[in-house]
Amino acid sequence: MPVRENKAEKTEEIWEALTQKITERGTRNFIVNGDFNAETEAWINKTGRTQKEEDVIYQGVLEDLNLVACVTEDHTFERAQTQIDNILIPIELVHNLKEAHVTTGVREKDHKLVIAALAWEMKGGKGE
């Protein structure tokens with residue numbers, strides 16, 4: 001993703017490409033993870049930050065594609081105390097989400113690791 005506060009047009013272009021890839025899949029069984037360089041509206045409200053253009057675009061994509069950000073409780077980027085890294089899942093898979101959290105990354109003052117566990121029923125028994 002483009003750096004925060006980069007040109008919104010570039011950010012829109014990248015999100016449009018991701019939206020197209022997700023739409024073309026023809027299935028809702030997927031996860032998307034990454035450094036999105038944008039924060040959800042819920043996190044911005046929780047921290048009292050001001051929403052940036054990139055955040056508005058990100059939130060719009062989440063809503064348009066019915067995606068949920070798994071990490072909601074902690075920041076993921078240490079230096080700025082932002083939550084720009086996340087794991088996105090379709091809303092219909094939320095019942096499969098067993099946990100999501102962040103933990104120390106490779107470098108203490110940089111991005112944290114984002115971890116999510118999903119479980120689902122498999123034919124013939126439980127799966128994780």
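These questions and answers walk through a predicted model of one protein. Residues are numbered from 1 along each chain as its sequence is written. Local features need pLDDT of at least 70, side-chain atom pairs count only at pLDDT 80 or more, totals for chains, interfaces and linings use all residues, and side-chain values use heavy atoms, leaving out hydrogens and water.

Q: In what order do the elements of the protein run from the N terminus on?
A: Helices (H or I, at least four residues) and strands (E, at least two) are DSSP runs, numbered from the N terminus. The protein has three helices and seven strands. Their order is α-β-α-α-β-β-β-β-β-β.

Q: Is Glu-12 buried, partly exposed or exposed?
A: Glu-12 sits in helix 1. Buried means under 20% relative accessible area, exposed over 50%, and partly exposed in between (1.4 Å probe, protein chains only). Glu-12 has a relative accessible area of 37%, so the class is partly exposed.

Q: Which residues does Ala-100 touch, not counting residues up to four places away in sequence?
A: Ala-100 lies in strand 4 (residues 97-103). A contact means heavy atoms within 4.5 Å. By that rule, the residues touched are Cys-70, Val-71, Ile-115 and Ala-116.

Q: What distance separates the C-alpha atoms of Ala-100 and Thr-72?
A: Along the chain, Ala-100 and Thr-72 are 28 residues apart.
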